[in-house]
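Student: I have a chain to study for class. Could we go through it by question and answer?

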Amino acid sequence: MNYNWDWGVFFKSTGVGQEIYLDWFVSGLGWTIAVALVAWIIALILGAVLGVMRTVPNRLVAGIATAYVELFRNVPLLVQLFIWYFLVPDYLPEGLQTWFKQDLSPATSAYVSVVVCLGLFTAARVCEQVRTGIQALPRGQAYAGLAVGFNLVQVYRHVLLPQAFRIIIPPLTSEFLNVFKNSSVASLIGLMELLAQTRQTAEFSANIFEAFTLATLIYFVLNMSLMVFMGWVERRVRVPGLMVGGK
Amino acid sequence: MRSPKLCLAACLAAAIATPAGAAAPTGTLKKIADSGTIVIGHRDSAIPFAYLADGSKPAGYSIDLAGKVVEAVRKELGRPNIAVRYALVTGQTRIPLLVNGTIDLECGATTNNAERAQQVDFSVGIFSIGTRLMTHKASGIRDFADLKGKNVVVAAGTTSERILRKMNADANMGLNIVSAKDNGEAFLMLETQRVAAFMSDDAMLYGERAKARVPTDWIVTGTPQSREVYGCMVRKGDTAFKAVVDKALKAVYASGEIERIYQKWFMQPIPPKGLNMNFPMSPEWRALIRKPNDQPAGR
């Protein structure tokens, strides 16, 4: 392959202000983390609520949560993003619409759209993890809780959820990593996160393979760190004797 | 029993038919001769340069020029049966796919610049553009100075983006610059009023306007901020193939056939909507046709 490798490209000037290409990657990583963390918080809270809803003994409540999961899990993430970014703002009231589309800086409106989109999408997946976590517990646990006089809220709060969350930490870690990887869809609506900055560097410098290699490394190191962190959390919250640990 | 004999005869004929004294083809020409196929990289929405006019087959000004190159390659190799295969490329994939041998030639709307010339060679110029603005006719924006404090969209990775970011930093214009994925999406942002203006190559702007719901709502305006030359890309250092490509293009320019191709795509209704781009030949492009060269345009 006749290609001019140049690993020094990251320290070259971009031709815009005083920036070098590495600055773009740093700022891109910042946006990636900002998108992923906020979306994850939304996903975790909403997902936990939905997960509980799917297991409560009420068909209406469980049905609503099921419908949510089916809707958000069965439509491609990219389609959802375009709906949130291009379609939803057009149905806002006139004043709000102008504010969102024209007064907010484009980066902010793109950020809001992608965080909402990714948060709601991932919530459907977290919901399923929480549900399976709860259903993995012996049914007797809930009955025992009710028998000693807990009401349903207390059964979930003190008996079911503390155990369920511990069980689902490994699959939840995968979802946590997925949020970071999925945040790259933001590049398609002009948010300059890591992938967008990578593509921009590739186009400006024509050093395409170097740019994408660096992006690969950054995503890899980022996700490895998250895995190590989640492993630490898992060991930290383990209740000795309650569950057989993974490792 | 018939086919081995036929093959033998064909091989013999081919061996004899190879012009005596002519060096055996190398590089891309050899690849094309061996595979019997030339692979042309094309874009899918660079109206009217290279796009899917009827939804499947690539067509456009650059595709027509690529067709002329294919004829020249067939003649050069003495193989009128060389097949053509089209491969879809994007702004991001066009250089890697050319470098790794997936495509042999890219003719679309690729600006010849020094960065790209590190990885590929450019043919003689196939078009000349200026970078300008498109805006709603009622927006009041007529030139770059009117953009102060506004939202402006560019396609990610284009020269327009570079120029606009630099202008914003140098002149402190307080622009919010949005980098859309490509020209199509940039125009969508303009059409849905996310931004006040869209900066791009003038020919591209006219092309996007042709796709608009109400084309007459949009105007192309502003002093061109740069001149650029588009070229076809070939693999770097493949001088034999580049010579064939250049010769074919120069012949189209010299014979005046370029006028007909230009008229067809820029001055007449084009598919899919039957809209006329109404984009007359620029003096810069006329000058380039008279004296073709493979250099980037001066700023």
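**Helices and spans**

Tutor: In chain A, residues 29-53 are 100% helix and 0% strand, with end C-alpha atoms 35 Å apart. Helices (H or I, at least four residues) and strands (E, at least two) are DSSP runs, numbered from the N terminus. This is a predicted model, in which local features need pLDDT of at least 70, side-chain atom pairs count only at pLDDT 80 or more, and totals for chains, interfaces and linings use all residues. Residues are numbered from 1 along each chain as its sequence is written, chains are lettered from A and ligands numbered from 1 in the order in which they are written, and side-chain values use heavy atoms, leaving out hydrogens and water.

Student: How far apart are the end C-alpha atoms of residues 208-233 of chain A?

Tutor: UniProt, in an unreviewed entry, lists residues 208-233 of chain A under "transmembrane region"; such annotations may be inferred rather than shown by experiment. This span is 100% helix and 0% strand. Its end C-alpha atoms are apart by 38 Å.

Student: How many helices does chain A have?

Tutor: From the N terminus on, the elements run α-α-α-α-α-α-α-α-α-α. Chain A has zero strands, and its helices number ten.

Student: What percentage of the residues in chain A is buried?

Tutor: Buried means under 20% relative accessible area, exposed over 50%, partly exposed in between (1.4 Å probe, protein chains only). Chain A has 247 residues. The buried share of them is 46%.

Student: What does the C-alpha trace of chain A span?

Tutor: The extent is taken along the principal axes of chain A. The C-alpha trace spans about 70 × 50 × 30 Å.
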